[in-house]
Amino acid sequence: MSRPSEKTSSNAALRPWLVLLLCILLLRLLTLPLLPLTDHTEARYAEIARLMVQTADWISPHITPSEVFWAKPPLSTWGQAILMSLFGISEWSGRLAAVLWSVMGVLALAWMLDGVFSRLQILAAQVLLALCPLFFISAGAVMTDATLGAAVIFVQAAWWRVLAAQGASRQRAARWLAFGMALALLTKGPAAAVLALLPVFMHAAWRKHWTEVRAVASDLWVWLICLGVALPWYVMAELKTPGFVEYFVLGEHVMRFLQPGWKGDRYGFAHAQPLGMIWLFTLVAALPAVVVLLGRLPYLRFKQGRGAITAQLQLGSQSSLEAGRKIDLACYALCIALAPLLLFSAARNLIFTYAMTALPGLVILAIALLPETWLRRSASYLSFSALALLYAWAFVFKLPQISRANSDLPLIEAYRQACLTQDCKLSYAGKPNYSAYFYTSGRLYAGMPGVAGRPAFKVLRVDRQSELRATALACNKDQCLVPDDGSESK
């Protein structure tokens, strides 16, 4: 039985980590409205959610009022649209869903580690995950990545709970796994299923857990829960918009990754990258965890000798069974980290966010290799706090101006100031960006001809060195808002 002094000491060690985790959450909430929606990705998904609210079509997301969006299932959009309905259409309400999904991911990580890591290690892992650049950015962005990350972590945590439990508890964990799989399928389709289950099968093959795999696969309720939650939407989407399944399964899940610069993408942009680029993306996406690993692994191997890494992973074990579980968890974490790297190493159409599902594995390995005694020192949480302060500086002082340069919000704001009655003509020389549709509440879809006799304005594409920037009402990186006198200014 623990002495009161030991409990007090333990709580004292936990408190700064808990405070830091809550401060990171608060920081992300407070920075949600500071950045305008940027083109193309974030503004596009925000506009899709706004259109879902406007059209009240909760089955088929729309990229324009007349064109459905077949590239993604709607779970992420549902969350964004529901919060826009509740709190009004804004950057803050659109981004809030990502915060909530990220909280789910952080809690799922704690669920996975409970019983193997100490409470201090669990809190440190949660903080480290929250401070991974990709996770922190996605936790407040109108994209699908926070939803995907949460669903995949939940599935992977449920698999670990299957391994750790017996009897009815194992059965419950398997059914939670099925629910997580349904969420993944409703977020990104078959690709999410591969991302969630590939580490599970890698781990099962490596550590010979096929008995547990068969137990989960033979549970009828696992299939009923997964298909019962996910399949109805797929059926309704295909019936409502025939051709969806063919495009989504073949195009988005096969051609996108195998054909460089795939031309069949109806909505996005081809991102041709060098082979193996996912490794560099992951290094940056999980930079704090990678730094810990690059520092600790050589030190343990070459300074403390052979067997030091295994000894560190088993540190604090009270029995050989507990030591074995810690090694098994480290093996599983390695599978989680490697699965997306192996999956996307031969792919060319990649973006930075594809590294998302590798983060939990790298975080678990990093914390497992850190001495718990170091986590109790003020230097540990102060170093993590410094990183949080760096993020705060970036999101408050630096990123807003960068974001405004990549959004049409400055142009629409200038239009509103120049035409307080909002009845002036506004036209674009080219196709408006998604942020323009969002910030005009979709009025640009039908055109904004204005009222006769009122001033007119137009948005022109201009070079960065153009003299027009000096006289324009407002400019972003590529465009300027100018009075429309009927001439063909360029």
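**Close-up views of a predicted model**

**View 1. Asp57 and Lys240 form a salt bridge, with the closest N and O atoms 2.6 Å apart.** A salt bridge here is a side-chain nitrogen of Lys or Arg within 4 Å of a carboxyl oxygen of Asp or Glu. Asp57 sits in the loop between helix 2 (41-55) and strand 1 (62-64), and Lys240 in helix 11 (residues 220-240), so the pair ties together parts 183 residues apart in sequence. Helices (H or I, at least four residues) and strands (E, at least two) are DSSP runs, numbered from the N terminus. Asp57 is buried at 12% relative accessible area; Lys240 is partly exposed at 40%. Buried means under 20%, exposed over 50%, partly exposed in between (1.4 Å probe, protein chains only). This is a predicted model: local features need pLDDT of at least 70, side-chain atom pairs pLDDT 80 or more, while totals for chains, interfaces and linings use all residues. Residues are numbered from 1 along each chain as its sequence is written, and side-chain values use heavy atoms, without hydrogens and water.

**View 2. Arg207 and Asp328 meet in a salt bridge (2.9 Å, N to O).** Arg207 belongs to helix 9 (residues 190-207) and Asp328 to helix 16 (residues 320-344), so parts 121 residues apart in sequence are tied together. Arg207 is partly exposed at 30% relative accessibility. Asp328 is buried at 9%.

**View 3. Asp423 forms a salt bridge with Arg454, the closest N and O atoms lying 2.9 Å apart.** Both residues are in loops, 31 residues apart. Asp423 is partly exposed at 23% relative accessibility, and Arg454 is partly exposed at 35%.

**View 4. Lys425, Lys458 and Asp484 are linked in a salt-bridge network.** The whole structure holds ten salt bridges.
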